Number of protein chains: 2
Amino acid sequence: MKNIGIVGATGAVGTEILNVLEKRNFPVGDLKLFAAPEEAGQKIEFKGKEYTVEVMGDKFYEGLDIMLFAAGGGVSEKYAPIAAENGVMVIDNSSAFRLDPTVPLVVPEVNPEDIKTSKGIIANPNCSTIQMCVALWPIHKKYGIKRILMSTYQAASGAGNPGMQEVLDQAKAYTEGKEMVINHFAHQIMFNVIPHIDVFTENDYTKEEMKVVNETRKIFHDDSIRISVTAVRVPVLRAHSEAVTIELDKTATPEEIKALLETAPGVKVQDDIKNNVYPMPINAATTFDTYVGRIRKDIAFDNAISLWVVADQILKGAALNAVQIAELI
Amino acid sequence: MKNIGIVGATGAVGTEILNVLEKRNFPVGDLKLFAAPEEAGQKIEFKGKEYTVEVMGDKFYEGLDIMLFAAGGGVSEKYAPIAAENGVMVIDNSSAFRLDPTVPLVVPEVNPEDIKTSKGIIANPNCSTIQMCVALWPIHKKYGIKRILMSTYQAASGAGNPGMQEVLDQAKAYTEGKEMVINHFAHQIMFNVIPHIDVFTENDYTKEEMKVVNETRKIFHDDSIRISVTAVRVPVLRAHSEAVTIELDKTATPEEIKALLETAPGVKVQDDIKNNVYPMPINAATTFDTYVGRIRKDIAFDNAISLWVVADQILKGAALNAVQIAELI
């Protein structure tokens, strides 16, 4: 049994971490739930027992074996090193430590062995990165990927529960003939798509786009892969979709890629176009797998494959991946 | 003055053709409006005068100079050649004649001179193709494009008024807690994205995707360009968005591309990321221009540019382009 602490326990990811711990029968001993002062005092049920949400006090880490952080970069930067110094294994969902060379960045289906190098903190990658890596890793291992081009179709819940609520509120406002209120996105998201997630960086890519580039190279231990991303927010509630083209070193047919992915861990191939079967966010939502379809020989390159990848970004893209790491510890 | 006939006058594109003819002060003499028997008898106002929608009789072409077809491939295949044989210039919005080597396929900003080669029928390209060609043609002329990779975010109205209505109905059903009804798309479109537009072809690309490939080569008169597309339906009412990466022959900086597009016909550059300005469908809807933003040096290639293209696909992607062709005749 492990004593577990969850930071940001009332948020979209925190809530799902609790669900996943329960569903996967994680051997939870003591459980401590932390959140911001406004949320403290809330009661949350876990395996039939009620827990009270607390604020993080002076010795928040005491008695805990593993802490899962899902409360944003600022909180992680401040508290994760303290927990780690006091012997707690930290699994951090924020971007704070992902590119720190002393911190492993782990997708359990790809680089579980990196966990051993941890000095107390293990970083959970960005949601768009995780599902792409789960789908592409078996291909990279066997055929060598030299170039990745990706356009994303990212759900509103990538901005947490408030993001998801904003889509629902705008849908309601629209049907009731009222004005749509914009709080969490830069523009109206309902009936719109926004080619802008997170802030812009110096090279005019967004931070969200550059996360995929830099994190994938770190997870694959391969800095030679050329990667370019356009990250776009769409009015979907949960589950991110990705249109991906990969240029390969060794030749592979779509049939070989399909056969390879059919036995790949964490992957479900949904590719029966004759019957209109391909991955879609409404089907992937609330499930654990990474779905791959539309697998075809890309016609713009001599040796490339295009495919379509969908996964629930709150689960495989965050909570599930974090719990899988905890299971490996 | 030209005597004009519009086939499919009650549909999404037909309605906009009438609006565009009025807005651009096209010298319309007689006007005949055709539609399916179910629609016949409807009254439509144009420039303050009322017209009655008719079914196409035996000599539907009589007295007409130009006919604009916007009623689907079957109707065009049957009636367009008859009109052309009887001296009417046909501008056809369907895909029926687009790849016919004897029929010019025209985007007025790109290849207006091809109109002269017409033997009576001029084809209007696919909506996704038109806006991409308007944005890329100046770049191709100056720097040479050797490869185009595109992912689309296509509005529901690409399936006409019923497609647009289906999104609205599903939004209403959702907010009222009722079941969403699916009629015009393969799956629920509200809160979803569907990587499937038109039917699948032999190479596992969809017909919609292959239209962009084949039509662009014909419009640019360049069969050497390698093009790959993933076409995706999103819950947007009107205006298609496109994430595009182009590999170039000659080196170009993003600043040079911006400067070039700022003076390009039909193009408006919207690229001020510091102020969250980039093209979006809610802004492009009901306007005539093709908007380009997110112009940046692509980091997956040594010599490529990525950009984001948005236009109202019923207007520039269909009705406006058709009327522009009529103006050139």
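Me: How many residue pairs are in polar contact across the interface of chain A and chain B?
Reply: This is a predicted model, in which local features need pLDDT of at least 70 and side-chain atom pairs count only at pLDDT 80 or more, while totals for chains, interfaces and linings use all residues. Residues are numbered from 1 along each chain as its sequence is written, and side-chain values use heavy atoms, with hydrogens and water left out. Across the interface of chain A and chain B, 36 residue pairs are in polar contact, both residues being at pLDDT 80 or more; the term asks for a pair of N or O atoms within 3.5 Å, of which, within protein, one must be able to donate a hydrogen and the other to accept it, and residues adjacent in sequence count only if both atoms are side-chain atoms.

Me: What makes B:Asp302 and A:Arg226 a salt bridge?
Reply: The closest N and O atoms of B:Asp302 and A:Arg226 are 3.0 Å apart, and a salt bridge requires a side-chain nitrogen of Lys or Arg within 4 Å of a carboxyl oxygen of Asp or Glu, so the pair qualifies. Between chain A and chain B the count is 4 salt bridges.

Me: Which residues make up the contact, and how many come from each chain?
Reply: With contact meaning heavy atoms within 4.5 Å, chain A gives 61 residues and chain B gives 61 residues.

Me: How much area do chain A and chain B bury between them?
Reply: They bury about 5200 Å², 62% of it on carbon and sulfur atoms, where buried area is the accessible area (1.4 Å probe) that two parts lose on being put together, summed over both.

Conventions:
Chains lettered and ligands numbered in written order.
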